[in-house]
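Open your viewer, switch to a cartoon view and keep the selection panel at hand. We will go stop by stop, and at each one I will say what to select and what is there.

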Amino acid sequence: MDFAELLLIAVGLSMDAFAVSVCKGLSVKELKGRHVLLAGLYFGGFQALMPVIGWLLGYRFESLITEIDHWIAFVLLALIGGNMIRESFSEDEELNDDFGVKTMLLLAIATSIDALAVGITFAFLSVKILPAAGTIGLTTFLLSCAGIRIGRAFGARWKSGAERAGGLILILIGLKILLEHLGILNI
């Protein structure tokens with residue numbers, strides 16, 4: 001996997017955290033630097049940690065499923081992407097201005113579950129996990145910080161579009177992995 005593909009995956013995975021950050025930006029009466037930093041650290045930190053956990057799980061069981069790993073990668077990425085697209089059409093996002101540990105921890109875990117599944121996929125694809133996790137974490141950190149500011153400045157106008165774009169990116173990358181392993185696509 002080259003850096004451009006990894007960066008696209010990182011952006012795709014970051015879209016849930018970006019969307020939640022936009023909502024958090026909408027919810028605060030007065031935006032402070034600590035709000036921006038907390039969102040970036042929680043979301044970026046968990047987006048970096050979860051692929052490592054997934055990679056460890058996938059690496060442990062790799063020998064059992066190497067013949068179907070490309071199908072697993074495709075299905076996981078398609079499910080994650082499809083779910084992101086489905087959620088982008090939901091209007092029931094509630095605004096919550098709480099930046100406490102409990103709230104941020106739950107949001108960070110919820111927005112990084114898909115990164116766990118991607119980490120499993122990375123094990124099957126023999127991706128070097130530390131640079132990949134670092135790229136995902138840093139990308140999410142930056143996009144979450146930007147999301148808080150964008151939410152405060154512009155509102156929820158781009159939230160759904162960002163989630164749809166992220167979902168589509170993950171589906172297309174999964175499809176590319178599948179087509180490459182089946183010998184249909186040689187890029």
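Which side chain does K176 meet in a salt bridge, together with E180 or with some other partner? Select K176 and E180: their side chains meet in a salt bridge, 2.4 Å from N to O. (A salt bridge here is a side-chain nitrogen of Lys or Arg within 4 Å of a carboxyl oxygen of Asp or Glu.)

Before moving on, a word on what is loaded. This is a predicted model, in which local features need pLDDT of at least 70 and side-chain atom pairs count only at pLDDT 80 or more, while totals for chains, interfaces and linings use all residues. Residues are numbered from 1 along each chain as its sequence is written, and side-chain values use heavy atoms, with hydrogens and water left out.

**Stop 1: the charged network**

Stay with K176 and E180. They sit four residues apart in helix α6, so about one helical turn separates them. Helices (H or I, at least four residues) and strands (E, at least two) are DSSP runs, numbered from the N terminus. E180 is partly exposed, with a relative accessible area of 27%. (Buried means under 20% relative accessible area, exposed over 50%, and partly exposed in between, with a 1.4 Å probe and protein chains only.)

E5 and K176 are both buried. A search of the whole structure finds two salt bridges. Through shared partners, salt bridges join E5, K176 and E180 into one network.

While helix α6 is on screen, pick L172, which lies in that helix. L172 counts as partly exposed, because its relative accessibility is 47%. Draw a C-alpha to C-alpha distance from L172 to L77: the two are 8.5 Å apart in space and 95 residues apart in sequence.

**Stop 2: the whole fold**

Zoom out and colour by secondary structure. Of the protein's 187 residues, 45% count as buried.

**Stop 3: two aromatic pairs**

Show the aromatic side chains next. The structure holds two aromatic pairs. (Rings of Phe, Tyr and Trp, the last by its six-membered ring, pair if their centres lie within 6.5 Å; planes under 30 degrees apart count as stacked, over 60 as edge-to-face and the rest as tilted.)

Select W55 and Y59. Their ring centres are 5.1 Å apart and their planes at 10 degrees, so this pair is stacked. Both residues lie in helix α2 (residues 33-65), four residues apart, about one turn of the helix. W55 is buried, with a relative accessible area of 18%.

Then select W71 and F74, an edge-to-face pair with 6.5 Å from centre to centre and 80 degrees between the planes. They both lie in helix α3 (residues 69-88), three residues apart. W71 is partly exposed, at a relative accessible area of 40%.

**Stop 4: a glycine in α2**

Go back to helix α2 and pick G40. G40 counts as buried, because its relative accessibility is 1%. Leaving aside neighbours within four places in sequence, G40 is in contact (heavy atoms within 4.5 Å) with G45, F141, S144 and C145. Its C-alpha is 8.7 Å from that of L138, 98 residues away in sequence.

**Stop 5: a kink and a positive phi**

Finish by selecting helix α4 (residues 101-124), which has 24 residues. Look at S112, where a kink of about 40 degrees in α4 is centred. (The bend at a residue is the angle between axes fitted to the seven residues ending there and the seven starting there.)

Last, step into the loop between α4 and α5 (129-154) and select S126. Although S126 is not a glycine, it has a positive phi of about 55 degrees. S126 is exposed, with a relative accessible area of 58%.

How values were computed:
The expected span of a helix is 1.5 Å times one less than its number of residues.
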